[in-house]
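User: I'd like to learn how to read a fold feature by feature. Can you walk me through one?

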Amino acid sequence: MTQQVPSTEPELAGVRNFRDVGGLPTVDGRRVRHGVLFRSGHLAHATEDDAAFLSSLGLHTIFDFRNAADQKLEGPDVELPGVRNLNLPLSDPADGAEFWKMVRDGDLDQLRAILADGKGANRMIASYRMIIKERTAEHSRVLRSLAEDSVPALMHCAAGKDRAGLSVAVTLLAVGVERDAIVEDYLKSNAKHRRYKVHRSSTSASAYSPEVMELLDPLFDARAEYLAAAFETIDETWGGVPAYLEQGLGITPETRERLRERLLD
């Protein structure tokens with residue numbers, strides 16, 4: 001049975017993984033307001049109709065978490081009149097450029113060497129932990145911007161799953177959304193119509209073989225264990241969300257309250 005995409009989540013022709021995170025519940029009984037926080041994959045291939053839809057959302061700011069290597073591969077975002085585009089790379093292209101080149105170009109033996117036996121999933125877990133620990137300045141800027149004036153906002157990276165997923169998760173934690181609800185929203189990126197399209201350079205018969213796709217799955221899946229690693233890193237490093245926000249990100253209780261006013265019903 002084909003999954004129906006709700007009318008509030010249009011299946012955009014050139015933008016993957018778009019959705020409004022409105023409606024998610026907080027621990028104190030409130031909900032995220034609809035129409036203030038959106039997430040998606042990159043906007044580089046947005047069609048005219050896609051751009052018209054995105055323009056209709058009244059966006060203030062687009063947060064683009066891609067690095068220069070991503071932008072070179074996919075292209076810059078389409079420009080939306082009157083919308084600020086803020087690029088805050090959450091990954092260093094020097095760390096991953098060679099790895100992703102092997103993913104796109106590598107033969108089966110290379111892919112087995114870097115991804116088999118749990119290596120792919122372990123790499124993703126390590127990446128999530130690193131972003132939480134080392135990208136505090138970027139996440140602080142996101143939260144401060146949202147508290148000041150940057151809503152409605154759209155957050156995206158390449159697939160809209162990992163870097164954008166973490167930034168959305170941090171934002172939702174800051175306003176008190178239940179962790180289970182954050183995970184449930186994150187896992188929606190696994191829906192077939194939302195998943196990032198894997199582009200393999202090889203034209204050989206094995207380029208999209210079942211074994212290759214199984215090896216690549218950990219990189220393109222949204223897995224609860226990945227987000228759990230991020231939450232564990234917050235708890236282990238700072239002792240919980242309040243200390244992470246105050247000590248790690250420099251977000252005061254007053255800024256958190258402004259965030260709640262802007263993002264919650």
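This is a predicted model: local features need pLDDT of at least 70, side-chain atom pairs count only at pLDDT 80 or more; totals for chains, interfaces and linings use all residues.

User: Is threonine 136 buried or exposed?

Analyst: Buried means under 20% relative accessible area. Threonine 136 has a relative accessible area of 18%, so it counts as buried.

User: Zooming out, how many helices and strands are there in the protein chain?

Analyst: The protein chain has 12 helices and 5 strands. Of its 265 residues, 53% are buried. Among contacts with a separation of 6 or more, 76% are between residues 24 or more positions apart. The accessible surface comes to about 12300 Å², and carbon and sulfur atoms own 50% of that.

User: On to the sheet. What order do the strands have?

Analyst: The general idea is that strands of a sheet pair through backbone hydrogen bonds, either parallel or antiparallel. Here you have an open sheet of 5 strands, ordered β1-β2-β5-β3-β4, and the pairing is mixed. β1 (19-20) and β4 (84-87) are at the edges with a single partner strand each, so one side of each has no neighbour in the sheet.

User: What packs on the sheet?

Analyst: Helix α7 (residues 163-174) does, touching β2 (37-40) and β5. The direction of α7 makes about 135° with that of β5.

User: In which sense do β1 and β2 pair, parallel or antiparallel?

Analyst: Antiparallel, over 2 bridges. Phenylalanine 38 stands opposite leucine 154 in β5. As for β3 (residues 61-64) and β5 (residues 153-156), their pairing is parallel over 4 bridges. There, threonine 61 stands opposite alanine 153.

User: Which way do the residues of β2 point?

Analyst: Leu37 and Arg39 point one way, and Phe38 and Ser40 the other way. All of them are buried.

User: Now helix packing. At what angle do α8 and α10 pack?

Analyst: Two packed helices are described by the angle between their axes and the distance between the axes. For α8 (residues 179-187) and α10 (residues 224-238), the angle is about 140° and the axes are 10 Å apart. The crossing is right-handed. On the α8 side, the contact is made by Arg179, Ile182, Val183, Tyr186 and Leu187. α10 brings Ala224, Tyr226, Leu227, Phe231 and Asp235. Sorted by class, that contact has 8 nonpolar residues, 2 charged ones and no polar ones.

User: And α11? Which of its residues are buried?

Analyst: In α11 (residues 241-248), the buried residues are Val241, Ala243, Tyr244, Leu245 and Gly248. What covers them includes α5 (119-134), α6, α7, α8, α10 and α12 (253-263). After α11 comes glycine 250, with a positive phi near 70°.

User: What is the phi of asparagine 17, and is asparagine 17 buried or exposed?

Analyst: Phi of asparagine 17 is near 65°, a positive value in a residue other than glycine. You'll find asparagine 17 in the segment before β1. It has a relative accessibility of 2%, so asparagine 17 counts as buried.

User: What about aspartate 117: where is it found, and is it buried or exposed?

Analyst: Aspartate 117 is found in the loop between α4 (108-115) and α5. Its phi is positive, about 55°, although aspartate 117 is not a glycine. The cut-off for exposed is over 50%. Aspartate 117 has 75% relative accessibility, so it counts as exposed.

Key. Residues are numbered from 1 along each chain as its sequence is written. Side-chain values use heavy atoms; hydrogens and water are left out. Two strands pair if DSSP finds at least two bridges between them. Contact means heavy atoms within 4.5 Å. Axes are lines fitted to C-alpha atoms, for helices over the stretch in contact, and angles run from 0 to 180 degrees between N-to-C directions. Buried means under 20% relative accessible area, exposed over 50%, partly exposed in between (1.4 Å probe, protein chains only). A crossing is left-handed if the near helix is turned anticlockwise from the far one by less than a right angle, and right-handed if clockwise. Ala, Val, Leu, Ile, Met, Phe, Trp, Tyr, Cys and Pro count as nonpolar, Asp, Glu, Lys and Arg as charged, and the others, Gly among them, as polar. Accessible areas come from the Shrake-Rupley method with a 1.4 Å probe; for residues, only the protein chains shown count as cover.
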